[in-house]
Amino acid sequence: SGSSDPYCVVKVDNEVVARTATVWKSLNPFWGEEITLLLPRGFHSLAIYVLDEDTIGQDDVIGKVSLSHQQISAEPRGIDSWLSLAPVSPDQEVQGEIHLELQVPERGHPRVLRCHLIEARDLAPRDASGTSDPFGRVSCCGHTLETAVVKKTRFPRWDEVLEFELPEGELGEAVLSVELWDWDIVGKNDFLGRVEFSLDTLCPGPTRGWFHLLPFPSTTEDHGGQLGALRLAVRLLEDTVLPSHHYQPLIQLLTEPILCPAQNPEGTALAVLEEVTSGESRQDVATKLVKLFLCQGLAVPLLDYLTSRELARTTDPNTLFRSNSLASKSMEQFMKAVGLPYLHEVLKPVVNRIFEEKKYVELDPGKMELSRGRRISLKGSLSEVQVRESSLELLKGYLGDILDAIVGSVDKCPLPMRVAFQQLRRRVEQRFPSAQHEEVRYFSISGFLFLRFFAPAVLTPKLFGLREQHAEPGTGRTLLLLAK
(Lines give C-alpha, C1' and ligand atoms only; values in the text may rest on other atoms or scores of the structure.)
Protein backbone atom coordinates (compact mmCIF):
# COMPACT_ATOMS: atom_id res chain seq x y z
CA SER A 1 0.00 0.00 0.00
CA GLY A 2 3.06 2.27 0.11
CA SER A 3 2.83 2.73 3.87
CA SER A 4 3.80 0.92 7.07
CA ASP A 5 2.27 0.02 10.43
CA PRO A 6 5.15 1.13 12.67
CA TYR A 7 5.73 0.54 16.36
CA CYS A 8 8.80 0.82 18.59
CA VAL A 9 10.49 -1.67 20.88
CA VAL A 10 12.78 -0.39 23.63
CA LYS A 11 15.73 -2.50 24.72
CA VAL A 12 18.17 -1.99 27.60
CA ASP A 13 21.33 -4.05 27.09
CA ASN A 14 19.44 -6.11 24.48
CA GLU A 15 16.59 -6.96 26.84
CA VAL A 16 13.12 -5.83 25.69
CA VAL A 17 11.67 -3.56 28.38
CA ALA A 18 8.86 -1.68 26.59
CA ARG A 19 6.77 -1.48 23.42
CA THR A 20 4.73 1.35 21.97
CA ALA A 21 1.36 1.02 20.31
CA THR A 22 1.20 0.53 16.54
CA VAL A 23 0.37 3.52 14.36
CA TRP A 24 -1.51 2.12 11.39
CA LYS A 25 -0.88 3.03 7.75
CA SER A 26 1.64 5.80 8.27
CA LEU A 27 5.16 6.73 7.20
CA ASN A 28 5.12 9.66 9.64
CA PRO A 29 3.87 8.08 12.87
CA PHE A 30 3.33 10.04 16.08
CA TRP A 31 3.45 8.03 19.31
CA GLY A 32 3.81 10.66 22.03
CA GLU A 33 4.33 7.91 24.60
CA GLU A 34 6.36 8.53 27.73
CA ILE A 35 8.10 5.50 29.23
CA THR A 36 9.80 5.55 32.63
CA LEU A 37 12.36 2.80 33.20
CA LEU A 38 14.15 1.80 36.38
CA LEU A 39 17.61 0.97 35.08
CA PRO A 40 20.43 -1.02 36.68
CA ARG A 41 23.27 1.27 37.70
CA GLY A 42 25.74 -0.44 35.37
CA PHE A 43 23.65 -0.57 32.20
CA HIS A 44 25.53 -0.12 28.92
CA SER A 45 23.11 0.91 26.19
CA LEU A 46 19.56 1.92 25.33
CA ALA A 47 18.23 0.98 21.89
CA ILE A 48 14.94 1.78 20.19
CA TYR A 49 13.93 -0.43 17.27
CA VAL A 50 11.29 0.65 14.76
CA LEU A 51 9.35 -2.26 13.27
CA ASP A 52 6.52 -2.67 10.78
CA GLU A 53 3.70 -4.85 12.13
CA ASP A 54 2.52 -7.53 9.72
CA THR A 55 -0.70 -9.49 10.14
CA ILE A 56 0.83 -12.49 8.37
CA GLY A 57 4.42 -13.55 8.94
CA GLN A 58 7.18 -11.93 10.96
CA ASP A 59 7.26 -8.17 11.59
CA ASP A 60 9.84 -6.28 9.52
CA VAL A 61 12.64 -4.36 11.24
CA ILE A 62 12.89 -0.88 9.71
CA GLY A 63 15.89 0.38 11.71
CA LYS A 64 17.14 1.35 15.13
CA VAL A 65 18.64 4.13 17.22
CA SER A 66 21.21 3.12 19.82
CA LEU A 67 22.52 5.31 22.65
CA SER A 68 25.31 4.33 25.01
CA HIS A 69 25.23 5.04 28.75
CA GLN A 70 28.03 7.55 28.18
CA GLN A 71 26.09 9.41 25.47
CA ILE A 72 23.01 9.77 27.67
CA SER A 73 25.00 10.69 30.79
CA ALA A 74 26.87 13.40 28.87
CA GLU A 75 23.62 15.38 28.49
CA PRO A 76 22.35 16.26 32.00
CA ARG A 77 19.33 18.06 30.53
CA GLY A 78 18.60 15.13 28.25
CA ILE A 79 18.72 14.37 24.55
CA ASP A 80 15.87 15.80 22.50
CA SER A 81 16.43 15.60 18.74
CA TRP A 82 15.84 13.75 15.49
CA LEU A 83 18.19 10.76 15.17
CA SER A 84 18.68 8.86 11.91
CA LEU A 85 17.69 5.20 11.94
CA ALA A 86 20.56 2.78 11.38
CA PRO A 87 20.16 -0.59 9.68
CA VAL A 88 20.03 -3.62 11.94
CA SER A 89 23.02 -5.91 11.36
CA PRO A 90 23.31 -9.36 12.99
CA ASP A 91 26.91 -8.49 14.01
CA GLN A 92 25.53 -5.56 16.02
CA GLU A 93 22.78 -7.56 17.73
CA VAL A 94 24.63 -9.19 20.60
CA GLN A 95 23.66 -9.98 24.17
CA GLY A 96 24.94 -11.76 27.23
CA GLU A 97 28.07 -11.80 29.38
CA ILE A 98 31.29 -13.78 29.61
CA HIS A 99 33.07 -14.90 32.79
CA LEU A 100 36.83 -14.43 32.50
CA GLU A 101 39.96 -14.53 34.63
CA LEU A 102 42.99 -12.70 33.19
CA GLN A 103 46.52 -12.65 34.59
CA VAL A 104 49.47 -10.66 33.23
CA PRO A 105 52.74 -11.28 35.07
CA GLU A 106 54.68 -8.13 35.97
CA ARG A 107 58.03 -9.79 35.24
CA GLY A 108 59.51 -13.11 34.25
CA HIS A 109 60.98 -14.70 31.17
CA PRO A 110 59.09 -15.39 29.11
CA ARG A 111 56.06 -13.39 30.29
CA VAL A 112 52.92 -15.45 29.72
CA LEU A 113 49.42 -14.01 29.62
CA ARG A 114 46.85 -16.46 30.99
CA CYS A 115 43.26 -16.05 29.73
CA HIS A 116 40.85 -18.33 31.56
CA LEU A 117 37.51 -18.60 29.72
CA ILE A 118 35.18 -19.96 32.39
CA GLU A 119 31.64 -19.63 31.03
CA ALA A 120 29.11 -17.34 29.34
CA ARG A 121 25.41 -16.67 29.87
CA ASP A 122 22.34 -15.40 28.00
CA LEU A 123 24.00 -15.50 24.57
CA ALA A 124 21.96 -14.63 21.48
CA PRO A 125 20.24 -17.61 19.80
CA ARG A 126 21.66 -18.00 16.29
CA ASP A 127 20.25 -21.40 15.31
CA ALA A 128 16.73 -22.43 14.36
CA SER A 129 16.53 -24.46 17.57
CA GLY A 130 16.69 -21.23 19.63
CA THR A 131 20.21 -22.02 20.87
CA SER A 132 23.78 -21.65 19.61
CA ASP A 133 27.00 -23.68 19.37
CA PRO A 134 29.37 -21.22 21.01
CA PHE A 135 33.16 -21.21 21.07
CA GLY A 136 35.71 -18.58 22.11
CA ARG A 137 38.39 -17.01 19.92
CA VAL A 138 41.11 -15.11 21.78
CA SER A 139 43.68 -12.88 20.02
CA CYS A 140 46.75 -11.13 21.42
CA CYS A 141 50.00 -9.82 19.95
CA GLY A 142 49.39 -11.38 16.54
CA HIS A 143 48.40 -14.84 17.82
CA THR A 144 44.96 -16.45 17.95
CA LEU A 145 43.69 -19.42 19.94
CA GLU A 146 40.25 -21.02 20.16
CA THR A 147 38.31 -23.00 22.74
CA ALA A 148 36.27 -26.11 22.10
CA VAL A 149 32.71 -25.80 20.76
CA VAL A 150 29.88 -26.34 23.27
CA LYS A 151 26.85 -27.60 21.36
CA LYS A 152 23.24 -26.36 21.59
CA THR A 153 23.31 -23.93 24.49
CA ARG A 154 23.13 -20.25 25.31
CA PHE A 155 24.91 -20.84 28.65
CA PRO A 156 28.17 -22.57 27.68
CA ARG A 157 30.90 -23.61 30.14
CA TRP A 158 34.43 -24.06 28.75
CA ASP A 159 36.74 -23.77 31.79
CA GLU A 160 39.73 -23.52 29.43
CA VAL A 161 42.98 -21.59 29.92
CA LEU A 162 44.60 -20.09 26.81
CA GLU A 163 48.17 -18.80 27.17
CA PHE A 164 50.03 -16.18 25.12
CA GLU A 165 53.74 -15.42 25.29
CA LEU A 166 54.21 -11.66 25.49
CA PRO A 167 57.01 -9.83 23.63
CA GLU A 168 59.96 -8.31 25.48
CA GLY A 169 59.82 -4.69 26.68
CA GLU A 170 56.84 -2.38 27.07
CA LEU A 171 53.43 -3.67 26.03
CA GLY A 172 52.48 -0.28 24.55
CA GLU A 173 49.09 -0.50 22.85
CA ALA A 174 48.82 -4.30 22.97
CA VAL A 175 45.22 -5.51 23.21
CA LEU A 176 43.64 -8.77 24.28
CA SER A 177 40.49 -9.51 22.27
CA VAL A 178 37.99 -12.19 23.31
CA GLU A 179 35.30 -13.02 20.75
CA LEU A 180 32.46 -15.51 20.94
CA TRP A 181 31.15 -17.22 17.81
CA ASP A 182 28.38 -19.66 16.94
CA TRP A 183 29.87 -22.60 15.07
CA ASP A 184 28.02 -23.71 11.92
CA ILE A 185 28.76 -26.90 10.03
CA VAL A 186 27.60 -25.26 6.77
CA GLY A 187 28.33 -21.64 5.88
CA LYS A 188 30.16 -19.07 7.96
CA ASN A 189 30.07 -18.86 11.73
CA ASP A 190 27.79 -16.27 13.39
CA PHE A 191 29.18 -13.54 15.64
CA LEU A 192 27.95 -13.58 19.28
CA GLY A 193 29.87 -10.68 20.87
CA ARG A 194 33.29 -9.53 22.03
CA VAL A 195 35.25 -7.85 24.81
CA GLU A 196 38.62 -6.09 24.63
CA PHE A 197 41.28 -5.31 27.23
CA SER A 198 44.30 -3.05 26.94
CA LEU A 199 47.14 -5.03 28.53
CA ASP A 200 48.74 -2.00 30.17
CA THR A 201 45.50 -1.42 32.15
CA LEU A 202 45.34 -4.96 33.57
CA CYS A 203 46.60 -5.36 37.14
CA PRO A 204 49.62 -7.59 37.81
CA GLY A 205 47.29 -9.77 39.90
CA PRO A 206 44.32 -11.73 38.50
CA THR A 207 41.44 -9.78 36.97
CA ARG A 208 38.26 -11.81 37.28
CA GLY A 209 34.60 -11.04 36.65
CA TRP A 210 31.59 -11.05 34.35
CA PHE A 211 31.99 -8.78 31.31
CA HIS A 212 29.20 -7.51 29.07
CA LEU A 213 29.55 -8.61 25.44
CA LEU A 214 29.77 -5.78 22.91
CA PRO A 215 29.14 -5.63 19.13
CA PHE A 216 31.75 -4.94 16.49
CA PRO A 217 32.45 -1.19 16.24
CA SER A 218 30.06 0.35 13.71
CA THR A 219 31.77 1.32 10.46
CA THR A 220 29.09 3.82 9.43
CA GLU A 221 27.70 6.20 12.01
CA ASP A 222 25.39 8.28 9.84
CA HIS A 223 23.23 6.63 7.20
CA GLY A 224 21.89 9.90 5.87
CA GLY A 225 18.35 9.29 7.05
CA GLN A 226 17.71 6.73 4.27
CA LEU A 227 15.64 4.61 6.64
CA GLY A 228 13.97 7.60 8.26
CA ALA A 229 14.53 9.33 11.58
CA LEU A 230 13.15 8.98 15.09
CA ARG A 231 12.39 11.94 17.35
CA LEU A 232 13.46 11.04 20.88
CA ALA A 233 13.53 12.82 24.20
CA VAL A 234 15.71 10.82 26.59
CA ARG A 235 16.82 11.88 30.06
CA LEU A 236 18.71 9.91 32.68
CA LEU A 237 17.98 10.75 36.30
CA GLU A 238 19.91 9.24 39.18
CA ASP A 239 17.99 9.74 42.42
CA THR A 240 19.04 8.89 45.93
CA VAL A 241 15.96 8.26 48.07
CA LEU A 242 16.39 8.64 51.84
CA PRO A 243 14.08 7.42 54.63
CA SER A 244 10.96 9.58 54.80
CA HIS A 245 11.85 11.40 58.03
CA HIS A 246 14.76 13.12 56.27
CA TYR A 247 12.25 15.03 54.13
CA GLN A 248 10.10 16.40 56.94
CA PRO A 249 11.89 19.79 57.15
CA LEU A 250 11.43 20.27 53.38
CA ILE A 251 7.75 19.26 53.55
CA GLN A 252 7.24 21.65 56.45
CA LEU A 253 8.91 24.46 54.51
CA LEU A 254 6.75 23.87 51.41
CA THR A 255 3.45 23.48 53.27
CA GLU A 256 4.03 26.43 55.62
CA PRO A 257 2.39 29.10 53.37
CA ILE A 258 -0.67 26.83 53.08
CA LEU A 259 -1.01 25.96 56.76
CA CYS A 260 0.20 29.30 58.17
CA PRO A 261 -0.40 32.12 55.66
CA ALA A 262 2.24 34.82 56.16
CA GLN A 263 2.03 38.58 55.85
CA ASN A 264 4.68 38.51 53.11
CA PRO A 265 3.70 35.75 50.67
CA GLU A 266 6.61 36.58 48.34
CA GLY A 267 9.17 35.23 50.77
CA THR A 268 7.76 31.71 51.08
CA ALA A 269 9.49 28.62 49.69
CA LEU A 270 6.60 28.01 47.27
CA ALA A 271 6.79 31.56 45.93
CA VAL A 272 10.54 31.29 45.41
CA LEU A 273 10.14 27.87 43.77
CA GLU A 274 7.58 29.32 41.36
CA GLU A 275 9.90 32.18 40.42
CA VAL A 276 12.99 30.04 39.74
CA THR A 277 11.23 27.19 37.92
CA SER A 278 12.04 27.35 34.19
CA GLY A 279 9.54 26.49 31.48
CA GLU A 280 11.18 23.17 30.60
CA SER A 281 11.14 21.90 34.19
CA ARG A 282 7.71 23.26 35.17
CA GLN A 283 5.94 20.02 34.28
CA ASP A 284 8.26 17.98 36.54
CA VAL A 285 7.98 20.43 39.43
CA ALA A 286 4.17 20.55 39.15
CA THR A 287 3.93 16.74 39.08
CA LYS A 288 6.07 16.36 42.20
CA LEU A 289 4.30 19.17 44.06
CA VAL A 290 0.85 17.69 43.38
CA LYS A 291 1.98 14.22 44.51
CA LEU A 292 3.55 15.65 47.66
CA PHE A 293 0.53 17.75 48.60
CA LEU A 294 -1.91 14.92 47.80
CA CYS A 295 -0.03 12.74 50.31
CA GLN A 296 -0.36 15.54 52.87
CA GLY A 297 -4.08 16.01 52.12
CA LEU A 298 -3.37 19.59 50.97
CA ALA A 299 -3.64 19.39 47.17
CA VAL A 300 -6.76 21.59 46.96
CA PRO A 301 -5.27 24.35 49.20
CA LEU A 302 -2.09 24.20 47.08
CA LEU A 303 -4.08 24.86 43.91
CA ASP A 304 -5.94 27.69 45.64
CA TYR A 305 -2.60 29.24 46.66
CA LEU A 306 -1.05 28.98 43.16
CA THR A 307 -4.14 30.16 41.24
CA SER A 308 -4.60 33.10 43.64
CA ARG A 309 -1.03 34.21 42.95
CA GLU A 310 -1.57 33.98 39.21
CA LEU A 311 -4.86 35.89 39.45
CA ALA A 312 -3.08 38.67 41.35
CA ARG A 313 -0.59 39.02 38.46
CA THR A 314 -3.24 38.96 35.70
CA THR A 315 -4.69 42.23 34.41
CA ASP A 316 -6.41 40.97 31.23
CA PRO A 317 -8.97 38.23 32.02
CA ASN A 318 -8.71 36.95 28.43
CA THR A 319 -5.18 35.69 29.16
CA LEU A 320 -6.10 34.00 32.44
CA PHE A 321 -4.46 30.55 32.85
CA ARG A 322 -3.53 30.48 29.17
CA SER A 323 0.22 30.15 29.83
CA ASN A 324 1.95 27.01 31.03
CA SER A 325 2.50 28.48 34.47
CA LEU A 326 3.09 26.45 37.61
CA ALA A 327 -0.57 27.01 38.56
CA SER A 328 -1.83 25.72 35.19
CA LYS A 329 0.50 22.73 35.15
CA SER A 330 -0.36 21.84 38.75
CA MET A 331 -4.10 21.94 38.04
CA GLU A 332 -3.52 19.77 34.96
CA GLN A 333 -1.56 17.17 36.96
CA PHE A 334 -4.13 17.29 39.77
CA MET A 335 -6.99 16.48 37.37
CA LYS A 336 -5.07 13.52 35.96
CA ALA A 337 -4.19 12.25 39.43
CA VAL A 338 -7.71 12.35 40.90
CA GLY A 339 -9.93 12.35 37.82
CA LEU A 340 -8.67 9.65 35.44
CA PRO A 341 -11.30 7.00 36.42
CA TYR A 342 -13.98 9.70 36.06
CA LEU A 343 -12.61 10.65 32.62
CA HIS A 344 -12.77 7.00 31.53
CA GLU A 345 -16.37 6.62 32.71
CA VAL A 346 -17.48 9.73 30.82
CA LEU A 347 -15.59 9.38 27.53
CA LYS A 348 -14.93 5.68 26.99
CA PRO A 349 -18.36 4.68 25.53
CA VAL A 350 -18.27 7.42 22.85
CA VAL A 351 -14.56 7.00 22.06
CA ASN A 352 -14.99 3.24 21.66
CA ARG A 353 -17.94 3.80 19.31
CA ILE A 354 -15.86 6.19 17.15
CA PHE A 355 -13.11 3.57 16.86
CA GLU A 356 -15.56 0.78 16.03
CA GLU A 357 -17.70 2.69 13.51
CA LYS A 358 -14.73 4.09 11.51
CA LYS A 359 -16.96 6.67 9.84
CA TYR A 360 -15.38 8.96 7.23
CA VAL A 361 -15.40 12.53 8.55
CA GLU A 362 -13.84 15.55 6.84
CA LEU A 363 -14.76 19.27 6.74
CA ASP A 364 -11.74 20.64 4.86
CA PRO A 365 -12.47 20.61 1.09
CA GLY A 366 -8.74 20.37 0.39
CA LYS A 367 -8.51 17.09 2.29
CA MET A 368 -11.71 15.41 1.15
CA GLU A 369 -11.47 12.05 -0.61
CA LEU A 370 -14.80 11.97 -2.38
CA SER A 371 -14.29 8.41 -3.57
CA ARG A 372 -14.45 7.31 0.06
CA GLY A 373 -18.08 8.35 0.03
CA ARG A 374 -18.82 4.67 -0.47
CA ARG A 375 -18.40 4.32 3.26
CA ILE A 376 -21.29 6.77 3.65
CA SER A 377 -23.48 5.78 0.74
CA LEU A 378 -23.83 2.62 -1.34
CA LYS A 379 -24.71 4.75 -4.38
CA GLY A 380 -21.06 5.61 -5.13
CA SER A 381 -19.05 8.79 -4.67
CA LEU A 382 -20.67 11.77 -2.99
CA SER A 383 -20.26 15.45 -3.70
CA GLU A 384 -18.22 17.79 -1.52
CA VAL A 385 -21.39 19.29 -0.04
CA GLN A 386 -22.80 15.84 0.81
CA VAL A 387 -19.54 14.74 2.50
CA ARG A 388 -19.45 17.98 4.49
CA GLU A 389 -23.09 17.65 5.59
CA SER A 390 -22.63 14.01 6.52
CA SER A 391 -19.45 14.85 8.46
CA LEU A 392 -21.18 17.67 10.32
CA GLU A 393 -24.02 15.38 11.35
CA LEU A 394 -21.61 12.74 12.60
CA LEU A 395 -19.53 15.27 14.56
CA LYS A 396 -22.64 16.84 16.08
CA GLY A 397 -23.86 13.41 17.10
CA TYR A 398 -20.57 12.42 18.72
CA LEU A 399 -20.17 15.82 20.38
CA GLY A 400 -23.73 15.80 21.65
CA ASP A 401 -23.19 12.40 23.25
CA ILE A 402 -19.96 13.62 24.88
CA LEU A 403 -21.56 16.79 26.24
CA ASP A 404 -24.58 14.84 27.51
CA ALA A 405 -22.23 12.41 29.26
CA ILE A 406 -20.28 15.30 30.86
CA VAL A 407 -23.37 17.21 31.98
CA GLY A 408 -24.94 14.03 33.35
CA SER A 409 -21.81 13.10 35.32
CA VAL A 410 -21.97 15.81 38.00
CA ASP A 411 -22.43 13.32 40.84
CA LYS A 412 -19.57 11.16 39.51
CA CYS A 413 -17.06 14.00 39.32
CA PRO A 414 -14.51 13.48 42.12
CA LEU A 415 -15.19 15.68 45.14
CA PRO A 416 -11.64 17.16 45.24
CA MET A 417 -12.05 18.39 41.64
CA ARG A 418 -15.43 19.96 42.45
CA VAL A 419 -14.04 21.71 45.53
CA ALA A 420 -10.98 22.93 43.58
CA PHE A 421 -13.18 24.44 40.86
CA GLN A 422 -15.55 25.95 43.40
CA GLN A 423 -12.60 27.73 45.02
CA LEU A 424 -11.29 28.80 41.62
CA ARG A 425 -14.63 30.30 40.66
CA ARG A 426 -14.80 32.22 43.95
CA ARG A 427 -11.27 33.60 43.50
CA VAL A 428 -12.00 34.70 39.92
CA GLU A 429 -15.19 36.48 41.02
CA GLN A 430 -13.21 38.34 43.69
CA ARG A 431 -10.51 39.36 41.20
CA PHE A 432 -12.87 40.40 38.37
CA PRO A 433 -16.14 41.42 40.11
CA SER A 434 -17.57 43.75 37.44
CA ALA A 435 -20.60 42.74 35.37
CA GLN A 436 -18.63 42.89 32.10
CA HIS A 437 -16.41 40.06 33.39
CA GLU A 438 -19.27 37.84 34.49
CA GLU A 439 -18.33 35.01 32.09
CA VAL A 440 -14.70 34.86 33.25
CA ARG A 441 -15.70 32.63 36.20
CA TYR A 442 -16.88 30.01 33.69
CA PHE A 443 -14.03 30.43 31.20
CA SER A 444 -11.48 29.88 33.96
CA ILE A 445 -13.02 26.51 34.81
CA SER A 446 -13.73 25.39 31.24
CA GLY A 447 -10.16 26.29 30.29
CA PHE A 448 -9.01 23.54 32.61
CA LEU A 449 -11.87 21.07 32.41
CA PHE A 450 -12.19 21.07 28.61
CA LEU A 451 -8.92 22.39 27.13
CA ARG A 452 -6.63 20.49 29.50
CA PHE A 453 -8.71 17.44 30.44
CA PHE A 454 -11.52 16.29 28.14
CA ALA A 455 -10.28 17.65 24.77
CA PRO A 456 -6.72 16.18 24.99
CA ALA A 457 -8.22 12.81 25.97
CA VAL A 458 -10.52 12.90 22.92
CA LEU A 459 -7.58 13.89 20.69
CA THR A 460 -5.21 11.10 21.85
CA PRO A 461 -7.16 8.44 23.78
CA LYS A 462 -4.11 6.15 23.98
CA LEU A 463 -2.17 8.63 26.13
CA PHE A 464 -5.01 8.74 28.68
CA GLY A 465 -5.52 4.97 28.81
CA LEU A 466 -8.85 5.08 26.97
CA ARG A 467 -7.54 2.79 24.20
CA GLU A 468 -4.70 0.29 23.99
CA GLN A 469 -3.75 1.34 20.44
CA HIS A 470 -3.43 4.62 18.59
CA ALA A 471 -6.15 5.52 16.11
CA GLU A 472 -5.83 4.80 12.40
CA PRO A 473 -5.42 7.95 10.26
CA GLY A 474 -9.16 8.22 9.43
CA THR A 475 -10.27 7.78 13.04
CA GLY A 476 -7.49 10.11 14.17
CA ARG A 477 -8.83 12.83 11.89
CA THR A 478 -12.33 12.40 13.34
CA LEU A 479 -10.93 12.73 16.87
CA LEU A 480 -8.94 15.85 15.88
CA LEU A 481 -12.00 17.59 14.44
CA LEU A 482 -14.05 16.53 17.45
CA ALA A 483 -11.46 17.89 19.91
CA LYS A 484 -11.31 21.19 18.03
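How far apart do the end C-alpha atoms of residues 1-83 lie, and how much of the span is helix and how much strand? Select residues 1-83: the end C-alpha atoms lie 26 Å apart, and the span is 6% helix and 41% strand. Helices (H or I, at least four residues) and strands (E, at least two) are DSSP runs, numbered from the N terminus.

This is a predicted model, in which local features need pLDDT of at least 70, side-chain atom pairs count only at pLDDT 80 or more, and totals for chains, interfaces and linings use all residues. Residues are numbered from 1 along each chain as its sequence is written, and side-chain values use heavy atoms, with hydrogens and water left out.

Next, go to Thr-36, in the loop between β2 (15-19) and β3 (45-52). Thr-36 is exposed, with a relative accessible area of 69%; exposed means over 50%, buried under 20%, and partly exposed in between (1.4 Å probe, protein chains only). From Thr-36, draw a C-alpha to C-alpha distance to Ile-406: the two are 32 Å apart in space and 370 residues apart in sequence.

Now show the whole protein. Its secondary structure comes to 10 helices and 14 strands. The radius of gyration is 31 Å, well over the 23 Å that the globule rule gives for 484 residues, so the protein is more spread out than a compact globule. That radius is taken over C-alpha atoms, and the rule is 2.2 Å times the number of residues to the power 0.38. Along its principal axes the C-alpha trace spans about 100 × 75 × 35 Å.
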